[in-house]
Amino acid sequence: MSVRERRMFRIKKDEILFISGYNGIVGVVKSEEPRNIYMGTPEGEIILSLDEDDLIAVSAFETGPIIEKAIKCMIHLLREVGTPLIVLEEGHPTSKRLKMVVSAGETIKLDCNITPGTHPEQDLLCSAPELSGTIIKAVKDGIVVQGEVERTRIDKIKNS
């Protein structure tokens with residue numbers, strides 16, 4: 001895509017949209033059904049209420065088949081198991097060790113200038129620099145990606 005280009009991807013419940021950069025990848029799915037995702041923060045717990053068309057996005061800071069499998073596993077943990085999300089305090093040493101971070105909601109903006117795992121704001125998601133500035137929006141039956149993204153693909157999510 002060129003700068004400021006918008007593309008709409010039709011996506012089914014058993015599919016994942018991968019947005020790839022050179023140093024990271026983001027996997028995006030629809031919530032599939034109304035659900036709550038619980039997020040633990042240093043101040044307490046936040047409940048994220050998602051509609052069926054809302055997005056769940058997992059951003060990873062490396063690429064390749066192993067990390068793509070990990071993204072699919074994280075989505076399974078969130079959608080099928082109900083695993084809660086954890087937000088770390090700013091400056092927490094573990095943020096440097098995170099391989100993936102998650103965001104959920106109607107619109108998600110990728111940003112490389114935030115510390116991974118420390119932002120409870122679900123409209124922001126830490127990403128690789130080349131994906132920074134990309135906006136991902138939920139639409140009926142699909143996902144709109146706006147920004148400069150060179151590589152995208154849709155894969156099936158297998159339940160195993």
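Helices (H or I, at least four residues) and strands (E, at least two) are DSSP runs, numbered from the N terminus. This is a predicted model, in which local features need pLDDT of at least 70 and side-chain atom pairs count only at pLDDT 80 or more, while totals for chains, interfaces and linings use all residues. Residues are numbered from 1 along each chain as its sequence is written, and side-chain values use heavy atoms, with hydrogens and water left out.

Back to helix 1, then. It covers residues 65-81, 17 residues in total. From its first C-alpha to its last, helix 1 reaches 23 Å, close to the 24 Å expected at 1.5 Å a residue; that expected span is 1.5 Å times one less than the number of residues. The buried residues of helix 1 are Ile-67, Glu-68, Ile-71, Met-74, Ile-75, Leu-78 and Arg-79. They sit on the same side of helix 1 because they cover an arc of only 120 degrees around the axis, the arc being that of the directions from the helix axis to the C-beta atoms. Cys-73 counts as partly exposed, with 41% relative accessibility. Just after helix 1 comes Gly-82, with a positive phi of about 80 degrees.

Positive phi turns up elsewhere too. Most residues other than glycine have a negative phi. Glu-32 is not a glycine, yet its phi is positive, at about 85 degrees. Its place is the loop between strand 3 (25-30) and strand 4 (35-41). Asp-141 is not a glycine either, and has a positive phi of about 65 degrees. This residue lies in the loop between strand 11 (135-139) and strand 12 (142-146). With a relative accessible area of 46%, Asp-141 is partly exposed.

Next, the loop between strand 1 (6-10) and strand 2 (15-20), where Asp-14 is found. Asp-14 is partly exposed, at 33% relative accessible area. Not counting residues up to four places away in sequence, Asp-14 touches Asp-155, Lys-156 and Ile-157, where contact means heavy atoms within 4.5 Å. As for distance, 19 Å separates the C-alpha atoms of Asp-14 and Ser-59, which are 45 residues apart along the chain. Lys-12 is also in the loop between strand 1 and strand 2, and this lysine is exposed, with a relative accessible area of 54%. Lys-12 and Val-29 are 17 residues apart in sequence, and their C-alpha atoms are 8.7 Å apart in space.

Now for some strand residues. Ser-20 has its place in strand 2 and is buried, with a relative accessible area of 12%. Leaving out residues up to four places away in sequence, Ser-20 touches Ile-25, Leu-131, Arg-151 and Arg-153. Ile-154 lies in strand 13, which covers residues 151-156. Its relative accessibility is 32%, so Ile-154 counts as partly exposed. Once its neighbours within four places in sequence are set aside, Ile-154 is in contact with Phe-9, Arg-10, Glu-15, Ile-16 and Leu-17. The C-alpha atoms of Ile-154 and Glu-121 are 26 Å from each other, with the two residues 33 apart along the chain.

Over in strand 5 (residues 44-50) there is Ser-49. This serine is exposed, at 55% relative accessible area. Apart from neighbours within four places in sequence, Ser-49 is in contact with Arg-35, Asn-36 and Asp-54. Between the C-alpha atoms of Ser-49 and Arg-6 there are 27 Å, and 43 residues separate the two along the chain.

Finally, rings and sulfurs. Arg-151 lies over the face of Tyr-22, at 5.1 Å from the ring centre; a charge sits over a ring if NZ of Lys or CZ of Arg is within 6 Å of the ring centre and within 35 degrees of the ring normal. A search of the whole structure finds zero aromatic pairs (rings of Phe, Tyr and Trp, its six-membered ring, pair if their centres lie within 6.5 Å; planes under 30 degrees apart count as stacked, over 60 as edge-to-face and the rest as tilted). The disulfide count is zero as well, a disulfide being a pair of cysteine sulfur atoms within 2.5 Å. For Cys-126, the closest cysteine sulfur belongs to Cys-112 and is 7.5 Å away, which is too far for a bond. Cys-126 itself is buried, at 7% relative accessibility.

Technical notes: Buried < 20%, exposed > 50% of the residue type's maximum accessible area, 1.4 Å probe, protein only.
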